[in-house]
Amino acid sequence: MTMTKVAIVAALVMYSVTASADDGLVTKPSKYSVKQTIDHFEAAINAQAAGGWVVFDRIDHAAVAKNAGLDMRPRTVIIFGNPKAGTLPMTKSATLAIDLPMKALVWQDDQDRVWLTYNTSEYNAKYVFPRHGVATSGDVSKAPETFLTKVTDQSTQ
């Protein structure tokens with residue numbers, strides 16, 4: 001691959017991550033397959049079980065589409081969270097349970113590149129919690145964002 005092509009690919013990858021961050025999403029390229037990325041992500045979450053983190057489930061959209069006779073590139077949502085942190089806010093607002101626990105999407109594009117996408121903690125603190133009437137402080141998103149960066153980097157790099 002020529003240096004020009006490498007530079008273009010690098011710029012597109014950085015644009016994807018940066019552009020997505022503006023809308024409350026972070027999308028990271030993965031050097032692994034979809035299955036490996038999912039396995040790495042779940043292992044990274046499960047490694048934090050002592051801190052209360054848990055993987056609740058997976059939704060394999062491509063498998064469900066196939067059962068309906070339709071084709072879809074791999075799209076798997078991993079549902080995860082920390083009941084120690086999420087339960088109290090949900091007891092204050094039942095509707096918060098529509099948005100919690102958190103989710104990560106591992107997907108493959110038309111060029112067979114694998115990506116991992118998730119909502120930023122800032123987005124959750126700024127938009128999700130307030131829409132359910134749950135007040136948050138400005139610092140509430142810092143620790144979860146550090147955690148998400150760590151586990152998603154472990155899953156994709």
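In this predicted model, the face of helix H6 turned away from its buried side carries three residues named here as exposed: Lys 142, Ala 143 and Thr 146. H6 itself runs over residues 142–156, which is 15 residues. From its first C-alpha to its last the helix reaches 21 Å, close to the 21 Å expected at 1.5 Å a residue.

The buried residues of H6 are Glu 145, Phe 147, Leu 148, Val 151, Thr 152, Ser 155 and Thr 156. Viewed down the helix axis, these buried residues fall within an arc of 160°, so they line one face of H6. An α-helix has 3.6 residues a turn, so residues three or four places apart point the same way.

| Element | Residues |
|---|---|
| Strand E1 | 25–30 |
| Helix H2 | 34–46 |
| Strand E3 | 75–81 |
| Strand E4 | 102–108 |
| Strand E5 | 114–119 |
| Helix H5 | 121–131 |

The strands in the table belong to an open sheet of 5 strands, ordered E1-E5-E4-E3-E2, with antiparallel pairing. E1 and strand E2 (54–60) stand at the edges with a single partner strand each, so one side of each has no neighbour in the sheet. On average, neighbouring strands of this sheet are turned by 20° against each other, direction ignored.

Within the sheet, E4 and E5 pair in the antiparallel sense over 5 bridges. Leu 105 stands opposite Thr 117 in E5. Both E4 and E5 are also among the elements against which the buried residues of H6 pack.

How values were computed: Residues are numbered from 1 along each chain as its sequence is written. This is a predicted model: local features need pLDDT of at least 70, side-chain atom pairs count only at pLDDT 80 or more; totals for chains, interfaces and linings use all residues. Side-chain values use heavy atoms; hydrogens and water are left out. Helices (H or I, at least four residues) and strands (E, at least two) are DSSP runs, numbered from the N terminus. The expected span of a helix is 1.5 Å times one less than its number of residues. Buried means under 20% relative accessible area, exposed over 50%, partly exposed in between (1.4 Å probe, protein chains only). The arc is that of the directions from the helix axis to the C-beta atoms. Contact means heavy atoms within 4.5 Å. Two strands pair if DSSP finds at least two bridges between them. Axes are lines fitted to C-alpha atoms, for helices over the stretch in contact, and angles run from 0 to 180 degrees between N-to-C directions.
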